[in-house]
Amino acid sequence: MPLFSKNNGSRDPVGLDVDGAYVAAVQAAAGRIGSGASMDLPDGLVVDGEVVDVEGLAEALKEFFKANGLPRTVRLGVANSQVAVRELELPRIEDEAELAAAVRFKAEEAVPMPLDEAVLDHQVIGHGTNEEGAPTTQVMVVAARQHMVERLAEAARLAGLKPAGIDLNAFALVRLLAEPAVEDEQARVFCHLSGVANLAIAVGSTCRFTRTLSVVPDGDQPELAAAQLAEEIQPSIDYYLGQPQAKPVGDVLLSGPGASAALAEALSPLLGLPVSVADPLGTLNRVGLPPGEDPVRHTIAAGLALGAAA
């Protein structure tokens, strides 16, 4: 199953975020949320973004979808340490089959996992020239441990759901919250603070770097949380800036249940960058989100749902 958003003909599938602490589902189309729901998950079903109890999660999802009358076709999201994302520069290759072979060959060196144990996907994100003036292609490569992807998909199928695709939570985050690209724009850091803390660096709507963070900050202590976050965000920015064709980083956008104005205020001087809290649903009209549902739970699920139109 591809790891990049591709429209497979499914009509308005539900974006399903299995966060670990909770599960959230959103159906969205034409700039508005059609339906949405969330439910707390029992401890131990999903740990650090990975499914631990397949049958237990399946039973929880089955109950969740039945209780909320949601469509059964879903787009799943993943975010954990079993995912690797790398940007590769290759000679310009027009033939898709030849490009795929070249990507796999280069990924053998760049991706820190055996490719025979991984689901591998790629997407062309740009073209340029190298130092010798030869035409090149920039490719974003995603590799995910096959057993991790299969356990999530299996839980969904056992719940009676129909997975239409699997996407990265980081891509969903950028898809929902990124602003339209402008010439010579800077890169933006997106940091989603939930059951798994997820960081993405994007230029416009193109994600150029992503990783999960090892800490989920304590929202009751914003200064301590900011210090913990800064220790992880700054090395990520430094790594990104060392990549070919990196853009200067302009600001940081926080989202998720762990984001707050107090945290943003404490984090900004530590990074030397403006930090703000995102509108959790971006520009989507939230008319279909039921009263009582906290929008901050639905950021990733909404971004996954929007991927169906890609």
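Q: Which strands and helices each supply at least two residues of the lining of the second largest pocket? Please also describe the surroundings of these elements.

A: The model is a predicted one, and in it strand S7 (83-91), helix H4, strand S13 (206-212) and helix H5 (222-241) each supply at least two residues of the lining of the second largest pocket. This pocket holds about 450 Å³ of space, and its lining is made up of 25 residues, among which Asn80, Ser81, Arg211, Thr212 and Leu213 lie nearest the centre. Sorted by class, the lining of the second largest pocket has 13 nonpolar, 8 polar and 4 charged residues.

Two of the contributing elements are helices, H4 and H5, and each can be followed to a partner helix. In general, a pair of packed helices is described by the angle between the axes and by the distance between them.

Helix H4, which covers residues 169-177, packs with helix H7, residues 299-306, and their axes come within 7 Å and cross at roughly 85°. Because of that angle, H4 is roughly perpendicular to H7. On the H4 side the contact is made by Asn169, Ala172, Leu173, Arg175, Leu176 and Leu177, while H7 brings Thr299, Ile300, Ala302, Gly303, Leu304 and Leu306. By class, this contact of H4 with H7 consists of 8 nonpolar, 3 polar and 1 charged residues.

Helix H5 has its own partner in helix H6 (residues 261-271), and the axes of these two come within 8 Å while crossing at roughly 45°. H5 and H6 are therefore oblique to each other, and their crossing is right-handed. From H5, the residues Pro222, Glu223, Ala225, Ala226, Ala227, Leu229, Ala230, Ile233 and Gln234 meet Ala262, Leu263, Ala266, Leu267, Leu270 and Leu271 of H6. The contact of H5 with H6 divides into 13 nonpolar residues, 1 polar and 1 charged.

A search of the whole structure finds 1 cavity of 30 Å³ or more, and the largest cavity holds about 180 Å³ of space.

Helix H1 (residues 54-68) packs with H3 at an angle of about 45°, and their axes lie 8 Å apart, which makes H1 oblique to H3. The crossing in which H1 passes H3 is right-handed. Val54, Leu57, Ala58 and Leu61 of H1 make this contact with Arg151, Glu154, Ala155, Ala156 and Leu158 of H3, and by class the contact of H1 with H3 has 7 nonpolar residues, no polar ones and 2 charged.

Key. Residues numbered from 1 in each chain as written. Predicted model: local features only at pLDDT ≥ 70, side-chain atom pairs only at ≥ 80, totals over all residues. Heavy atoms only, no water. Axes fitted to C-alpha atoms, helices over the stretch in contact; angles between N-to-C directions. Helix = DSSP H or I, 4+ residues; strand = E, 2+ residues; numbered from the N terminus. Parallel < 35°, antiparallel > 145°, perpendicular 65-115°, else oblique. Contact = heavy atoms within 4.5 Å. Nonpolar A, V, L, I, M, F, W, Y, C, P; charged D, E, K, R; others polar. 1 Å grid on protein atoms, 1.4 Å probe; cavity = no way out; pocket = protein on both sides within 12 Å on 5 of 7 lines; lining within 4 Å. Points joined across faces, edges and corners; volume = space filled by probe spheres on them. Left-handed = near helix turned anticlockwise from the far one by under 90°.
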